[in-house]
Every structure is written in structure tokens, then in C-alpha cells.
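Take each task in turn, try it yourself, and then follow the solution step by step.

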Amino acid sequence: MKKAIGLFAAGAMVLALSACGGGAAAPAGNGGEGKGKSLDQLVVGFAQVGAESGWRTANTKDIQDSFKEAGIQLKFSDAQQKQENQIKAIRSYIQQGVDYIAFSPVVQTGWDAVLNEAKAANIPVILTDRAVDSKDTSLYVTFLGSDFILEGKKAGEWLVKEYEGKNDAVNVVQLEGTTGSAPAIDRGTGFADAIKANPNIKVVASQTGDFTRAGGKQVMEAMLKSQPKIDVVYAHNDDMGLGAIEAIEAAGKVPGKDIKIITVDAVKDGMTALSEGKINFIVECSPLLGKQLIDVVKTLNEGGTVEKRIVTEETTFTQEQAKEALPTRKY
Ligand code: GZL
């Protein structure tokens, strides 16, 4: 009997300690332990994907400007689109004992080890822009970014509408983003689901251009040689679409007319091409995540918790809408 009481008391002690925050710290996953620091004492480590596209450049600028405005110290690294560089950067932030780590995972897989190291160091991790496929969702506090499946769906739905009531066979070539990245996987899924509504629309070729203009141009040149008939290009970002335009024009065809082009992002160069009729439709993907990231850091610092998924508001643009929006576009 005495032993049972002893065990019960010990159990109660452990529960009490963890409840009032003593003993083992709350898992980094919920970020709820709160640093309670003044903003000028906070240090955040950000491991960026790279500088592969106009979108990424705008995303980096917005994050750096937001931290400057908030007076929170930002340690920033550019991984040149290599996962091993992002992992190295995250490890270095852990070593430096930053208060929070934020990053945009270049690909979905391979993060559990380093995220467990951050958790063991009790450093909350915030995913911005891209997601990881870790089963253990306590490894990060939140995902802050776009719904890429919805973006692909919007692109496919526009195309279905474009060919409504027609019986033409529509051959689509797809320029995929970085292989294994959340936006490439999900934009492909959303688009494929949407075009099922019209069986005449078929993706006849699909290859990665790695989200770069040069990659889009190179893949499009090859597809123009190998595909007997291309009616539409669906590019997972503006930059690959702009590269495809160069290839299409070099082949003596008219982009936007001989071959329709749909892209995702809505950065200035893409919107300019849309306003000129070289692109036909753009699905917006906002890179302006800086303010929302600051809000998450402030909430966690004050001991609050945030939603597990914070999705950004986005729209779409036709040629006319691009002409109207361009003069006031922030990026
Ligand atoms: C999407 C982002 C993608 C952009 C590309 O949120 O990860 O990466 O669509 C960028 O332009 O390279």
C-alpha cells in the first residue's frame, strides 16, 4: 500500500512540475513557453531557400524589411537551393542559441533529424512558404504560407473554362518547380484534379525547370522539339513561364496566342508579360510573409500559441486585371 501511495505522489509531482513549466520544458512544437524578452533582445535565425526567382527575391526583401521595422535581430542565410546548406544553417542557429528559427524547406523530406535537434534545444521552429512532410507535427510551431493545391486548381479551372464547349484536343506541357518541393508537388496535384473536368485537356509532357528562368527556357526548347503539338504551357512559377516565352519566340511562335501560358506567382515581370498578352493567366502566390512571421514571433515571445497552419490570402489575374494592378504592385 505504502509503495502505491509513493508512486502516486511521485506521479503527481511530475504532472505539477510540467504543468507549471518547471521540469522538462514544453515541447518546442507549441512554442507556448514564451521567452518574455523585449523585441530588441530577440534573435531569429532564417534559413532561406536561395535566390532562384523573382518571387524569392521579393520574399527575402519583405522578411528583412519586416524584421528591421520590428527591431528584431535577424540572422539570415541563403542556401543556394541546397538542402544540406539549409540544414547547416539551422544547426548553426541552434549552436548560437537563437530564440526562434524560421525557414522555407527547399524540399518536403529529410528534416526530422535537424528539427529534433532544434526541439531538444527548445528552439521553436516556424515554417514559412514551403512545408515539410514530417509526421511529427510537434517539430514545428506553424506553417505560414500559401495553399499550393488551390493555386494549381485555380490554374486548371481557368483552362477548363477557356475551352468550355469546344471539342479541341488540348495538349498541355507542364514546367514543374523544384523536384520534391511542396509547391511543385501540390501545384501539379491541384492542376491535374481540375483539368479532369475536360478529358480533351491532357498533360503530354512534364519536367522540372527548378523554378528558374533559365530552367524554364531550356525545358521549353526541348519540348518544342519533341512535342508535335503544344497548345498550352502550365508553368509552376512566372520565372519558368518567362523562360518559356523566350523559347517560344525563338521558335518563331507567338506566346499567348499560338501557345497559351498559365503561370503562378504574379511578380512584376510576370504581370508585365501578362499585360502584354504573352502570358494568358496568372495565379497569385504572395511572397509578402514578413509581417505575418513577425506577428507569430511576437505571439510566441509573449507565451501565446498560434494556429498550426496560417494560409495567405491570394487572387488571380487576367490581362486586363494585370494592367490595372501593375502601377501599384509592391513586387
Ligand atoms: C512558392 C515558392 C516558390 C515560388 C517560386 O511559395 O516556394 O518558390 O512560386 C519560388 O517562384 O522559387
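**Exercise 1.** How many aromatic pairs does the structure hold? Then classify the pair formed by Phe191 and Tyr234.

*Solution.* Keep in mind that the model is predicted.
- Step 1: The count of aromatic pairs in the structure is four.
- Step 2: A pair of aromatic rings is described by the distance of the centres and the angle of the planes.
- Step 3: For Phe191 and Tyr234, the ring centres are 4.1 Å apart and the planes meet at 15°. Planes under 30 degrees apart count as stacked, so this pair is stacked.
- Step 4: Now place the two residues. Phe191 belongs to helix α6 and Tyr234 to strand β8 (residues 232-235). They are 43 residues apart, and the pair links distant parts of the chain.

**Exercise 2.** Describe the surroundings of the ligand.

*Solution.* 
- Step 1: The ligand is surrounded by 13 residues, and the closest are Glu52, Asp129, Arg130, Arg187 and Asp265.
- Step 2: Sort this shell by class: five residues are nonpolar, two are polar and six are charged.
- Step 3: Look for helices that contribute. Both α2 (54-70) and α6 (182-195) supply at least two residues of the shell.
- Step 4: Check the polar contacts, for which the cut-off is 3.5 Å. Ligand oxygen atoms lie 2.5 Å from a side-chain N or O atom of Glu52, 2.6 Å from one of Asp265 and 2.8 Å from one of Arg187.
- Step 5: Ask how much of the ligand is covered. Taken alone, the ligand exposes 320 Å², and the protein buries 100% of that.
- Step 6: Finally, locate the ligand: it sits in the largest cavity.

Conventions
Residues numbered from 1 in each chain as written. Predicted model: local features only at pLDDT ≥ 70, side-chain atom pairs only at ≥ 80, totals over all residues. Heavy atoms only, no water. Near = heavy atom within 4 Å. Polar contact = N/O pair within 3.5 Å; in protein donor to acceptor, adjacent residues only side chain to side chain. Areas by Shrake-Rupley, 256 points an atom, 1.4 Å probe, with all protein chains shown as cover. 1 Å grid on protein atoms, 1.4 Å probe; cavity = no way out; pocket = protein on both sides within 12 Å on 5 of 7 lines; lining within 4 Å. Sits in = over half its atoms within 2 Å of the grid points. Helix = DSSP H or I, 4+ residues; strand = E, 2+ residues; numbered from the N terminus. Nonpolar A, V, L, I, M, F, W, Y, C, P; charged D, E, K, R; others polar. Phe/Tyr/Trp six-rings, centres within 6.5 Å; stacked < 30°, edge-to-face > 60°.
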